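Hi everyone, thanks for coming. Please have the sequence and the 3D view open while I talk, and stop me if a word is new to you.

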Amino acid sequence: MLEKNYNPKDFEEKIYADWEASGDFKSDMRADKDAFAIVIPPPNVTGVLHMGHALNDTLQDILVRYNRMLGKKVLWQPGTDHAGIATQMVVERNLAKDGITRHDLGRDKFIETVWKWKEQSGGIICKQLRRLGASCDWSRERFTMDEGLSRAVRKIFVNLYKDGLIYKAKKLVNWDSKFMTAVSDLEVVQKETVGKMYYYKYPIEGEPGEFIHIATTRPETMFGDTAVAVSKDNEKLKHLIGKNAVLPIVDKIIPIIADEHADPEKGTGAVKITPAHDFNDFEVGKRHNLPLINILNPDATLNENTPFPGMDTQTARQKTIEKLEELGLMERIEDHPMVIPYGDRSNVVIEPMLTDQWFVDAPTLAKEAIRAVEDGEMQFVPKSYEKTYFEWMRNIQPWCISRQLWWGHRMPIWYGPDDKIFCEETEEEAQAAADKHYGHHVELRRETDVLDTWFSSGLWAFSTLGWPDKNEYLDTFYPTSVLVTAFDIIFFWVARMMMMSMYMMKRVPFRKCYIHGLVRDEQGRKMSKSKGNTVDPMETIEKYGADALRFFMAAMETQGRDINMSEARIAGYRNFATKLWNAARFGEMNNCAPVKGFDEKGVSHPVNKWIIAKAKEATEQVTANLNAFRFSDAANAVYQFVWGAFCDWYIEMIKPILYGEDETQKAETRATFGWVLDRILIILHPFMPFITTELWNNTADRDVKLIHAAWPQSENIDSAAMNDIDWTIDLISAVRSLRSEMNIPAGARLTLYLKGADAASAEHLQSFASIICSLARLEKAEIYTGEITSDMAQGVFREAVLLLPLKGVVDFAAERERLNKELENLNKNLEGYARKLGNPSFVERAPAAVVEEEKRRQTEALENKAKVEEALQRIANF
RNA sequence: GGGUGUGUAGCUCAGUGGUAUGAGCACUACGUUGACAUCGUAGGGGUCGCUGGUUCGAUCCCAGCCACACCCA
């Protein structure tokens, strides 16, 4: 027996536990159909589930469950990411509570602590994914720092190195002074701020009273200046080229050079060149062979190359200005809108810093990654995102992969006594190579840097399948079928996966990439912890059930658009689940259950034929839309069918049958109900796996679990069966509408006459009289050939006229008003038809079918108009 | 500055070269027996951002403009 109320908490967790314990998420490797695989975008091991995950993983689970029901070999590969900076930050924060820094522990001990933390507190998100219903194969769960994945990292690193696609270089990189590491361009966010532009002047060497005027936003970097640049086209300043300027405060001589970087139109036309601390100046420095002077410590305080060692940049800036003022060289300070780079994790200003770092030759790797998309080997859905992808890939810069952190994959790089580099997968191999090179045993020193987290994420599509070992899963599931991810991760992850996979596997990592939007708050603002507008999916699930949240995500997911959170809507989908629950209870109460061997093609009652045809139609819509990744259309098709057809009409229409005497009809109807409810449970299961399973388990003894039930193959839809009932529904709606407009008490049982009906309508009326009477609250419904009398309310219905005798209770004023309104409407439509059909070019050029349709509408409207006018005539005198 | 996207009912959004049967929520009226008030029935509400163009016909295609959002510099 089903409980009276739908209460998802009673069964959601229980059902999930059963699936997992029974191995229902494991791929059936014997399946004879195609393989379908998704690798999960690995959440950070430190992460907790947010609405973005809820959307992302719901969409994946829908696809996975759908394909599993299609009978394919299905793998949803789960796992988590070690998330270098994020995780190190969390653990360091914990240590800080006890007043300990990672340096107190030392590298090995610290990493041990991180692992311990990971075992104890990491992966909360995987439990939360279970609560959401995600049917990942948890027996295959991977972590980016697992031994297997680490081996993949080392192997691909060595390959890239030996192919010359990884190299070490001294370059300007983005330096995060909080974590004291280099970061990639992608981890830098540019923030617009109103800063200051400082105008001051440098004296010209040997020409007292002569100056060159400088404008800069960062005066404190002047100690790293090694030139001043002026454009050779700058008429006012070009005479200074070749002379020297004197750096004030430190009294250093620097050349004034000609370089196009100094735009005569901007600032003062002269630019101070600080090659070690500005990306543009670095390029200028290279062109002119200028010395590079580093003026910063790793923590972004000034170093001993400046007069202010140990001072932070802000304070140093003030000091510099004071000194310049003392020297009478400061001219003015203006507000200046500018863009300042910040670390996306640390939120501190990123300093361009000259350091030794490791780079991946992304421009070379990008070539194949671009080609694969151009050739359609990997397709973006929606397609428009390929533009974003191409745009970025074609302008890609070398990727800085070294991080001066402790938590991460240590690079497989060893240095000999003379700093010669040995890059091998293991220490033994490196040692052997070194010993061979030097001809005797040497001590090797391992590189201390670790790799950017995204390096290992980039291998995720094949490393999780067991690469580099040959194995059944890799053979079966690579390339994976589709990657589902948000657009903000295209550069970080999609692009890197493409590059790494094309390089190593020579094949795309996934055949399709479905890109979805962000989940925003109710007002459409981006959710963020700092704004305090986040909604916790776990709380939503607690309140409305996982099915309601999932259905919300699916129903709102239209390709490429962001989703605004809406609690009302989630409540609405909870109500939808309640509706289905109660429909199932209705079936239970009336002994409606699936019958073994029932042939739905053999039913005879039109109502049963109709709902079966509708169910097949809905199935077809869900199938087609899921195949096209049209999640909202798929979800809405089930929703409309369940609520709008099955509950609103079918259940109401079969009541007279179920409460009647005809046992044959009853039996057929009960079996049909059972069949249709089963069909609903099947096509709704990918969206709402919990309630559908609970109902499946409670409505019959089953040979197969719903999660493995077969998705229906394409079927013939008996569209003729739909017409009878569509006629009936229209008639009932017309009567209800008339009743409502005439303010007839809901409880009043009336007689319905149909006058002027053709043979088909007459037959319909007779066949469905009991249904019509039941749903339209009528005493009887019959064909009428008599005169229309003054006590009848009347309405137009197709070729006939509806009459409701009201024994003197018709309000003629209201009736006249209603009829006049209808007449007005008809006239408006007729005007339109006349205009169109009177236009010769329309009649000549529009397709014949369109013209015919227009004529049909015109004829129908004319007939209706005549009926309404007659009716008005009749009651004119009352 | 470059790029992408969005402007449709009070709100949040679907959708389409042929009268917008638009959806959910909100709103109004009425609620009747035995699935469901987490409900039912009926109803009101829109010059589909603005201006041109293509077309027999444009909310839909094209161009320009206005507004907003996002990405990259």
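I'll begin with the whole chain and then visit a few places in it.

Some ground rules before that. This is a predicted model, where local features need pLDDT of at least 70 and side-chain atom pairs count only at pLDDT 80 or more, while totals for chains, interfaces and linings use all residues. Residues are numbered from 1 along each chain as its sequence is written, chains are lettered from A and ligands numbered from 1 in the order in which they are written, and side-chain values use heavy atoms, with hydrogens and water left out.

Let's look at chain A from a distance. It has 29 helices and 29 strands; these are DSSP runs numbered from the N terminus, with helices being H or I and at least four residues, and strands being E and at least two. Along the principal axes, the C-alpha atoms fill a box of roughly 120 × 65 × 55 Å. The radius of gyration of chain A is 37 Å, whereas a compact globule of 878 residues would have one near 29 Å. That radius is taken over C-alpha atoms, and the globule rule is 2.2 Å times the number of residues to the power 0.38.

What share of the residues in chain A is buried? Of the 878 residues, 54% are. Buried means under 20% relative accessible area, exposed means over 50%, and partly exposed is in between, using a 1.4 Å probe and protein chains only. As for contacts (heavy atoms within 4.5 Å), take those in chain A with a separation of 6 or more: residues 24 or more positions apart account for 77% of them.

Now for the rings. A search of the whole structure finds 41 aromatic pairs. Rings of Phe, Tyr and Trp (its six-membered ring) pair if their centres lie within 6.5 Å; planes under 30 degrees apart count as stacked, over 60 as edge-to-face and the rest as tilted. One of the pairs is Y6 with W581, which is tilted, at 5.9 Å centre to centre and 50 degrees between the planes. This pair links distant parts of the chain, 575 residues apart: Y6 sits in the segment before α1 (12-21), and W581 in helix α19 (residues 567-589). Y6 counts as buried because its relative accessibility is 9%, and W581 counts as buried at 3%.

Compare that with F462 and Y478, an edge-to-face pair at 6.1 Å centre to centre, with 85 degrees between the planes. F462 is in helix α14 (residues 460-463), and Y478, 16 residues apart from it, is in the loop between α15 (472-477) and β22 (480-486). Both F462 and Y478 are buried. There is also an aromatic cluster, formed by F551, Y573, F576, Y639, W643 and F687.

Stay with helix α19 for a moment, where A584 lies. A584 is buried, with a relative accessible area of 2%. Leaving out residues up to four places away in sequence, A584 touches L2, L677 and L695.

Which helix is largely enclosed by the rest of the structure? Helix α18 (residues 546-556) is, because 10 of its 11 residues are buried. Among them are D547, R550 and F551. Helix α26 (residues 769-776) has buried residues too: I771, I772, C773, L775 and A776. Their cover includes α20 (606-627), α21 (631-658) and β27 (778-784).

Last stop: some backbone details. Most residues other than glycine have a negative phi, and most peptide bonds are trans. Here are some exceptions to look up. The peptide bond from W467 to P468 is cis, with omega near 10 degrees, and P468 is in the loop between α14 and α15. The bond from Y478 to P479 is also cis, with omega near -5 degrees.

Then try K506, with phi near 60 degrees, in the loop between α16 (490-504) and β23 (510-516). Are these two buried or exposed? A83 counts as buried at 6% relative accessibility, whereas K506 is exposed, with a relative accessible area of 59%. Just after α26, R777 takes a positive phi of about 55 degrees.

That's my tour, so over to you for questions.
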